[in-house]
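Let's take a friendly walk through a protein model together. Have a look at the sequence and the 3D view, and then we can go through some details one by one.

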Amino acid sequence: MIVFYQERSHHHKTIDLPNETCTNCGNRGTLKMYLMQKYVWLFAPLLPSKKYAIIECSFCDNKIPSSEWNKKTEVIYHKEIKAIKTPVRMWRGAVLMVLLYLIPYTLIKLKVFKKATVKPLIETVNAKKTDVKDFKEGDVLFISADKANKNNTSLYDFTLAKVIKIEGDKTKLKKYTETFDFKDQNTLSLSAIDDSKFKEEIVVKTNFLREDESLVYYTKQEGMLENKVFGKSLTIIK
Ligand SMILES: [Zn+2]
């Protein structure tokens, strides 16, 4: 998106300079000092910018550049510019932008919005990972699976699944009846596993498991492609 902003000028105040003479037309008392302030404008005043002054002759419209100002004029300028306060409305856009950022942030903090919980834990923490994609029949996978108990606040159950049979796109697994802690995947060994506890049979898509370690239900209505990811395989227990 291209955003065009403008720099605009706000007129604060006009000061008469009755004792000054215009260098162009020679009239005395015709010069005026205009105290101005630049600001960034984007649909509304966004941010205030620098303050400045213009001296102009009200008779001949000649502008006196600041390099030609005399000492007395300079003193007036510094005194006046200091006294000028940036109007609050010049911050309107900036305040709005901060609010637009803060409101969603606050709502997330207050848990009004739930931040997308896209399995960050599993993706990042896995230090001692055995490559899951090379799994073969007989392997025991340490998996995360959606909680059976919906009332529980935790997102996953960590358990095991044994690879029973790989037949093309179908991989038959048997799920372990016990659950574990996430960190158990690093310490658990095959010798500590009771083979008789692999009970519930699940059929998943082989390719998903090999390619991104997802556990995807194998549905019978193939044409519908209703792939439901229900967990991840995290490592192979050795
Ligand atoms: Zn003049």
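Where does Glu213 lie? Glu213 is found in the loop between helix H4 (206–212) and strand S9 (214–216).

**Confidence**

The protein chain has an average pLDDT of 83, and 83% of the residues score at least 70. Confidence is highest in S2, at 94, and lowest in helix H3 (residues 120–125), where the mean is 50. Where pLDDT is low, the predicted coordinates should not be read in detail.

**The zinc site**

Now find the zinc ion. Cys22, Cys25, Cys57 and Cys60 coordinate the zinc ion through their SG atoms, at 2.3 Å. The angles subtended by the 4 donor atoms run from 105 to 114 degrees, and therefore the arrangement is tetrahedral. For comparison, the ideal angle for four tetrahedral donors is 109.5 degrees.

Along the chain, the donors follow the spacing C-x2-C-x31-C-x2-C. Distant parts of the chain are linked here: Cys22 sits in the loop between strand S1 (6–16) and strand S2 (31–41), while Cys60 sits in the loop between strand S3 (45–57) and strand S4 (63–64), 38 residues apart.

Which of these cysteines are buried, and which are partly exposed? Cys22 is buried, with a relative accessible area of 3%, and Cys57 is buried too, at 0%. Cys25 counts as partly exposed at 29%, and Cys60 is also partly exposed, at 25%. As for disulfides, the count comes to 0.

**Salt bridges**

Side chains of opposite charge can pair when their charged atoms come close. In this model the count comes to 7 salt bridges, including those in this table:

| Salt bridge | N to O distance |
|---|---|
| Lys13 and Glu80 | 2.7 Å |
| Glu56 and Lys63 | 3.2 Å |
| Asp195 and Lys162 | 2.7 Å |

Take the pair Lys13 and Glu80, joined by a salt bridge. Lys13 is in strand S1 and Glu80 is in helix H1 (residues 71–83), so the pair ties together parts that are 67 residues apart in sequence. Lys13 counts as partly exposed, at 37% relative accessibility, whereas Glu80 is buried, at 14%.

The side chains of Asp195 and Lys162 also meet in a salt bridge. Asp195 lies in the loop between strand S7 (170–176) and strand S8 (198–205), and Lys162 lies in strand S6 (residues 156–167), so this pair ties together parts that are 33 residues apart in sequence. Asp195 is partly exposed, with a relative accessible area of 48%, but Lys162 is buried, at 18%.

**A region from the record**

An unreviewed UniProt entry places the feature "transmembrane region" at residues 90–108. What does the model show there? Over residues 90–108 the chain is 89% helix and 0% strand, with the end C-alpha atoms 29 Å apart.

**Two backbone angles to look up**

Most residues other than glycine have a negative phi. Phe43 lies in the loop between S2 and S3. Are these residues buried or exposed? Phe43 is exposed, with a relative accessible area of 72%, while Glu213 counts as buried at 15%.

Methods
Residues numbered from 1 in each chain as written. Predicted model: local features only at pLDDT ≥ 70, side-chain atom pairs only at ≥ 80, totals over all residues. Heavy atoms only, no water. Donors = N, O, S within 2.8 Å, 3.2 Å for Na, K, Ca; no water. Tetrahedral: all angles 85-135°; square planar, octahedral: opposite > 155°, others 65-115°. Helix = DSSP H or I, 4+ residues; strand = E, 2+ residues; numbered from the N terminus. Buried < 20%, exposed > 50% of the residue type's maximum accessible area, 1.4 Å probe, protein only. pLDDT = per-residue confidence, 0-100. UniProt positions renumbered as here; feature names shortened; annotations may be inferred. Disulfide = S-S within 2.5 Å. Salt bridge = Lys/Arg side-chain N within 4 Å of Asp/Glu carboxyl O.
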